Amino acid sequence: MHEQFYTILQVSEIIPSVSVSISDGSARIETLLHDSRKVSNPAYALFFALAGRRDGHQFIEEVYASGVRNFVVSNDEIDHANFPAANFIVVRDTLAAMQALAAYHRGRFACPVIGITGSNGKTIVKEWLAQLLAPEYRIIRSPKSYNSQLGVALSLWQLDDTYELAIIEAGISQPGEMQALQRMIRPDIAVLTSIGPAHDDGFSSTTEKITEKLRLFEDAKHAVYSPDDVQGVTVPSMGAHTTWGSGNVVLQVVGYEMIADKRCRIQARHANTDMAIVIPFTDAAAKSNALCCWAVMLSMGYEQSVIAHRMALLQPVEMRLEMKKGINNCTVIDDSYSNDLSSLAIALDFLRQQQQHPTRTLILSDIPGADGHEEQVYSKVSNLLADNKIDRIITVGPQLLERADKFGFLNHIAFRDTDSLLDSLADLTFEHEAILLKGARKYAFERVSGALMAKVHDTVLEINLNAVEHNLNQYKTLLPSPVKLMAMVKAFSYGSGSFEVANLLQFNKVDYLAVAYVDEGVELRKSGIRLPIMVMSPSPASFEALVARRLEPELYSFTVLDDFIRVLSNQDVTGYPIHIKVDTGMHRLGFPVQDAKRLSSRLQNTDAVKVQSIFSHLAAAGDAEHDAFTERQLNAFGKFANELTAALGYPVIRHIANSVAIQRWPQAHLDMVRLGIGLYGVENKLDSRLLLQQTGTLKTVITQIRQVAAGDSVGYGRRGRLVKESTIATVNIGYADGYDRRFGNGVGYMTVKGRKVRTVGDICMDMTMLDLDGIDAAEGDEVIVFGDVTELAANIGTIPYELLTGISQRVKRVYYYG
Ligand SMILES: *Cc1c(COP(=O)(O)O)cnc(C)c1O
């Protein structure tokens with residue numbers, strides 16, 4: 001292996017800089033960082049202070065404190081005296097600097113590069129090509145969907161001379177973006193997967209969008225695309241064109257035929273010969289993606305017999321990292337579909353974010369691409385594990401078995417194959433830990449995950465943590481930067497699960513969390529949540545537990561204030577943070593506005609507490625009819641807060657806006673807002689300026705299907721009368737799971753195979769019956785009970801809040817990053 005790393009001095013010569021200030025030019029650079037939350041390998045890292053919603057320059061101090069010494073910045077006003085041991089390269093544009101470094105790095109390697117763009121299918125085509133080409137090449141590919149201006153740079157940075165082929169995804173959303181990606185990727189083979197019918201927001205026309213995407217092809221030696229997609233736009237590649245689709249193309253589709261076992265045969269003509277492949281999928285997207293891969297393999301000179309053989313073995317691409325409840329209080333992160341260095345790094349990063357357990361175990365298989373380069377590959381694995389603070393590693397496969405010396409710093413148990421691990425599983429203890437399963441497909445780790453998983457009842461609420469993060473960021477775009485954000489995680493995070501959501505919010509640096517009861521706050525503290533937490537309804541009986549866990553009470557009357565001060569005085573505590581709630585019109589909890597003076601003097605006469613914030617709650621912020629009322633609430637609050645703050649003589653956070661007020665009442669943002677239901681993807685549609693994503697999907701399965709004759713009835717009280725012979729499916733969810741009884745007798749519907757099916761008869765405690773109405777479903781099929789709750793809630797005269805929080809605790813929550 002030649003020198004893989006750069007010195008900071010070399011980097012300063014590669015990227016165009018405005019000025020440099022380097023104290024140690026020999027500092028070695030291995031890792032590129034851009035996110036202060038994800039510092040790893042600090043001694044050999046280079047931090048790029050990227051512009052954006054969170055200006056990277058604000059985090060230099062924090063990153064420096066964690067040991068990073070090398071920085072690329074675009075702001076030369078940094079006080080170098082604060083960072084005595086640091087090297088700084090000042091550039092005009094930090095992202096462009098990272099791209100220049102990535103482009104230079106890519107230029108050092110002669111291995112072929114496949115660049116993939118298109119509207120849909122990029123990730124699948126990338127993953128399938130990796131499966132199809134693996135027998136000949138050691139392949140590096142961009143992890144998950146790292147296809148942005150930043151993601152492509154980071155992907156290319158992973159290249160080294162152990163790889164023989166790179167597959168890189170390029171995604172764009174605006175004119176001008178492909179040029180930067182093309183300069184970095186410089187693909188030998190450029191691939192267009194598909195073009196969607198609509199032009200994306202950033203483009204003025206579909207032609208403009210296609211033209212921009214095709215810039216990836218400019219210097220490619222091979223161009224692979226379907227003329228149907230390019231719609232007459234000239235493909236700029238000078239090299240050979242391998243076209244596919246209909247008409248006069250290199251790979252001409254003749255027809256599709258469904259065959260047994262959910263497979264599809266695709267017939268085509270190529271070079272005057274009839275040929276076919278069979279793929280184990282039948283959906284339209286899979287057919288198009290398979291054709292695209294077929295054309296790529298032809299352009300690379302593969303024999304048709306090899307192509308056909310490998311296509312038949314294609315595996316579905318698992319795109320999400322799932323987190324499930326395991327046995328003995330463990331959390332299992334299941335990634336048993338692929339194993340390579342880049343996806344391992346991502347999975348370890350995810351594992352590191354899990355702080356609910358004191359220990360972390362990794363179950364890892366041999367890495368299939370390591371053959372011939374075992375030393376380098378497993379040294380990298382060893383470094384990754386050291387960086388990510390793994391406590392125990394259980395390995396499966398002969399290569400890892402022989403390299404136990406690389407993992408001497410941790411508790412390592414090695415097995416030759418999956419069967420031996422399964423045989424010994426009962427002797428290994430797994431208790432209160434986070435377990436990451438990372439195995440290549442051939443090791444069939446799903447058998448291990450099955451054994452480690454707590455028994456699930458078939459109804460689950462799946463929660464997409466990426467969507468929660470996305471929604472948080474959507475609301476942040478409405479807030480000027482000094483405005484703080486309190487996230488409401490009461491009622492089990494509106495049904496979504498307290499710890500997991502709170503952990504994500506902590507990771508995303510919200511300022512405060514709020515829960516309803518002390519118990520909820522104690523649970524969060526126990527699982528490692530360190531953010532300040534406000535408790536809205538603390539009972540006096542729980543004050544001691546509250547203080548012990550440094551939870552901050554909402555105090556709303558003189559009685560609770562005095563009770564609380566008494567508890568503090570008994571413990572000689574002073575300056576304890578509290579939150580004062582004032583009633584400006586909601587008439588639920590709070591000091592009356594008239595009591596400002598009396599409250600001021602009470603607070604001036606004690607040093608037991610310190611007022612952290614003053615707040616109130618709006619009763620009808622989403623309702624235009626009551627806007628005058630809301631304004632009166634805002635005025636009353638302003639007056640009260642001013643009076644109290646003046647008396648206290650120190651700064652106090654003021655807040656009043658909930659989710660809908662964040663959108664409708666910018667003047668109510670004040671010092672902090674309280675984001676609740678919007679985080680979970682539900683909003684007041686009329687005022688929507690946001691693109692929120694659905695965060696939860698409630699799913700169950702069909703347990704039985706039967707034919708019932710016309711005139712017969714279904715369920716209790718014979719209320720489900722059938723007017724015609726019907727196919728009735730029974731599913732595993734009832735009102736005890738939180739499926740409201742008001743959904744019975746056709747009011748509610750669920751989704752089976754993408755189609756709506758109505759309920760029949762009354763909802764039972766644990767079961768519901770559905771009229772399949774001609775849909776071809778089977779026992780064991782999945783049923784979506786609900787995703788978007790807004791319309792369903794309206795159907796039974798309630799609000800989304802009630803549906804979300806009503807999902808019972810016995811319904812398992814499964815978390816994933818979608
Ligand atoms: C629940 C709650 C919120 C959040 O309300 P959403 O409508 O869910 O945004 C804000 N403030 C208080 C006091 C609450 O109880």
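Setting aside neighbours within four places in sequence, Lys 490 makes contact with Ala 514, Val 515, Ala 516, Glu 520 and Met 536. The model behind this picture is a predicted one. Lys 490 sits in helix α17, which covers residues 490-494, and with a relative accessibility of 25% it counts as partly exposed. An unreviewed UniProt entry puts the feature "active site" at Lys 490 and at Tyr 716. In the model these two are spread over 227 residues of sequence and spread in space as well, with up to 35.8 Å between C-alpha atoms.

At 59% relative accessibility, Tyr 716 counts as exposed. Once residues up to four places away in sequence are left out, Tyr 716 touches Asp 762 and Cys 764.

The unreviewed UniProt entry places it at Arg 588 and Met 765. These positions span 178 residues in sequence and their farthest two C-alpha atoms are 33.3 Å apart, so they do not all gather at one spot. Arg 588 belongs to the loop between β28 (576-583) and β29 (591-592), and its relative accessibility of 53% makes it exposed. Beyond its neighbours within four places in sequence, Arg 588 is in contact with Lys 581, Asp 583 and His 617. Met 765 lies in the loop between β38 (755-760) and β39 (768-771). With 45% relative accessibility, Met 765 counts as partly exposed. Its contacts, again leaving aside neighbours within four places in sequence, are Gly 734, Tyr 735, Ala 736, Asp 737 and Arg 810.

The unreviewed UniProt entry also gives the feature "domain: Alanine racemase C-terminal" at residues 695-816. In the model, this stretch is 10% helix and 39% strand, and its end C-alpha atoms lie 10 Å apart.

Running over residues 359-365, β19 is mostly covered, with six of its seven residues buried. It pairs in the parallel sense with strand β22 (residues 433-438), over six bridges, and Leu 364 stands opposite Lys 438 of β22. β19 also pairs with strand β20 (residues 392-396), again in the parallel sense, this time over five bridges. Here Ser 365 has Val 396 in β20 as its bridge partner. To get from β19 to β20 the chain passes through helix α12 (residues 374-387), making a β-α-β crossover that is right-handed.

Aromatic rings come next: the structure holds 14 aromatic pairs. Take Tyr 6 and Tyr 104, whose ring centres are 6.1 Å apart and whose planes meet at 65 degrees, so this pair is edge-to-face. Tyr 6 is part of strand β1 (residues 6-7) while Tyr 104 is part of helix α3 (residues 94-107), so the pair ties together parts that are 98 residues apart in sequence. As for accessibility, Tyr 6 has a relative value of 3% and counts as buried, whereas Tyr 104, at 42%, counts as partly exposed. Phe 217 and Tyr 225 make another edge-to-face pair, at 6.3 Å centre to centre and with 75 degrees between the planes. Both Phe 217 and Tyr 225 are buried. Elsewhere, ring pairs join Phe 47, Tyr 64, Phe 71, Phe 83 and Phe 88 into a cluster.

Charged side chains turn up over rings too. Arg 28 lies over the face of Tyr 44, at 5.1 Å from the ring centre, and Lys 756 lies over the face of Tyr 749, at 4.3 Å from the ring centre.

Finally, there is Gln 304, found in helix α10 (residues 304-311). Its relative accessible area is 17%, and Gln 304 is therefore buried. Not counting residues up to four places away in sequence, Gln 304 touches Met 275, Ala 276, Ile 277, Trp 294 and Leu 298.

Technical notes:
Residues numbered from 1 in each chain as written. Predicted model: local features only at pLDDT ≥ 70, side-chain atom pairs only at ≥ 80, totals over all residues. Heavy atoms only, no water. Phe/Tyr/Trp six-rings, centres within 6.5 Å; stacked < 30°, edge-to-face > 60°. Helix = DSSP H or I, 4+ residues; strand = E, 2+ residues; numbered from the N terminus. Buried < 20%, exposed > 50% of the residue type's maximum accessible area, 1.4 Å probe, protein only. Lys NZ or Arg CZ within 6 Å of the ring centre and 35° of its normal. Pairing = 2+ DSSP bridges. Right-handed = clockwise from strand over helix to strand, strands pointing away. UniProt positions renumbered as here; feature names shortened; annotations may be inferred. Contact = heavy atoms within 4.5 Å.
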